[in-house]
Amino acid sequence: MDTDKLIRALVADERRQAASISSVWWGAMALAIALAGAVFFAVFGPRPDIAIAAESPRLLFKFVVMITLAASAFGLVRALSRPGEPWRHALPFLAAAPMLALIAVAAELFLVPSNLWSARLLGVNALACLSFISLVGIGPLAVFLLALRHGAPERPALAGAVAGLLAGGIAGAIYAAHCTDDSPLFVATWYTLAVAGLALIGAAAAHRLARW
Amino acid sequence: MDGRDENELARLMRAALAGDGKSYDSFLRAVAGLVRSLARRKVQTGIDAEDIVQETLLAIHVKRHTWRHDAPVTPWVYAIARHKLVDAYRRRRRGVEIEVGAIPETAVQPERESISDHEIGGVLDALAPGQRSAVAAICVDGHSIGEAARHLGMSEGAVRVALHRGLTAIAKRFGRM
């Protein structure tokens, strides 16, 4: 095929172009939150004492750290979905949520006597936490993978991993309203594991799906 | 590439995205020139620089919505070209880091057919028949949409749709290979 004719064909293909990356990501975000919320209310719903517990700084910490994670991942994954877009400057923000978690863990270790540490760490139901966060997060992750596919990520696996962090942050923030284990020791362990699992799935899936 | 070229290229692309076909044509031709000189500097034995040019143009076309209108356009173009170059390396199962000189010349390429003398032409065969004839009429025979429609006995709208789907399918195929 002649390059000159290819160019003429591309010019002739003047059908309306696809939706902009920015609007696709905001739409994906809205859809992901709606999906995660629907699964949350359909499967478990908020814990019974949510109104009282909402005043506890430990529960608030769960929301803050998960929303921080989602926000930092959102900025990064949007940059990663455009070719040639500088994204490294958005990378340090990703450290914000782990830093918050570390500070909260340090405070918890300081406030709670050491004989209670392991009980706080294991919580009431670590396994439920792992599986429910994955369950809530998998729908959003699928939506974000479609958004990545619409974009053109130069590093599909990295972008997929960050999409997993974003889905995990959303799922974690929503699941936090059900979970009665509020200790930062618990959150830093089990929430992190669940989010890391979603990041791994995201990386593996995007590596295959978001090629272009 | 200096700042004036960048500004001119960005201006053409903005006009193109607003629906100006003439600007789009100039934009793609300028981009083809840029990518051609990049590809000629970077290609290894067994890779045709013109294949990289064509795959890049196609990727730019189907992914043109990934350009941020207020961002410089040359880094975007080069990022896509690099991506396609790496793809081509990978397809030939060679690491990008291998130097051109390190590969013995004995790796002879099979002779290419004269009709589909570039890779995109070769992929045509994998398209659905309607898409193939529309893409072939325009890309290989060089017909306009109107000529292709008369030639194939299709409406112009149908040719447009088939061309669009065919080009998208070719671009996707290259992404997956």
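**Where chain A meets chain B**

Let's start at the boundary between the two chains: across the interface of chain A and chain B, the rule finds 13 residue pairs in polar contact, with both partners at pLDDT 80 or more. Keep in mind as you look around that this is a predicted model.

Which parts of chain A face its partner? The elements giving two or more residues to the side that touches chain B are α1 (3-12) and α7 (126-150) of chain A. Of these, α1(A) gives the most, with 10 residues. By residue type, the side of chain A that touches chain B divides into 14 nonpolar, 7 polar and 12 charged residues.

Now step back to take in the whole interface. Here 33 residues of chain A are in contact with 52 residues of chain B. Together the two chains bury about 3,700 Å² between them, and 56% of that area lies on carbon and sulfur atoms.

Charged partners also pair up across the boundary, where the rule finds 3 salt bridges between chain A and chain B. A salt bridge to look for in the model joins A:Glu154 to B:Arg82, whose closest N and O atoms are 3.8 Å apart.

From there, move to a helix of chain B. Helix α4 of chain B covers residues 73-91, 19 residues in total. From its first C-alpha to its last, α4(B) reaches 27 Å, close to the 27 Å expected at 1.5 Å a residue. Is this helix mostly covered or mostly open? α4(B) is mostly covered, with 14 of its 19 residues buried.

Terms used
Residues are numbered from 1 along each chain as its sequence is written. Chains are lettered from A and ligands numbered from 1 in the order in which they are written. This is a predicted model: local features need pLDDT of at least 70, side-chain atom pairs count only at pLDDT 80 or more; totals for chains, interfaces and linings use all residues. Side-chain values use heavy atoms; hydrogens and water are left out. Contact means heavy atoms within 4.5 Å. Buried area is the accessible area (1.4 Å probe) that two parts lose on being put together, summed over both. A salt bridge is a side-chain nitrogen of Lys or Arg within 4 Å of a carboxyl oxygen of Asp or Glu. A polar contact is a pair of N or O atoms within 3.5 Å; within protein, one must be able to donate a hydrogen and the other to accept it, and residues adjacent in sequence count only if both atoms are side-chain atoms. Helices (H or I, at least four residues) and strands (E, at least two) are DSSP runs, numbered from the N terminus. Ala, Val, Leu, Ile, Met, Phe, Trp, Tyr, Cys and Pro count as nonpolar, Asp, Glu, Lys and Arg as charged, and the others, Gly among them, as polar. The expected span of a helix is 1.5 Å times one less than its number of residues. Buried means under 20% relative accessible area, exposed over 50%, partly exposed in between (1.4 Å probe, protein chains only).
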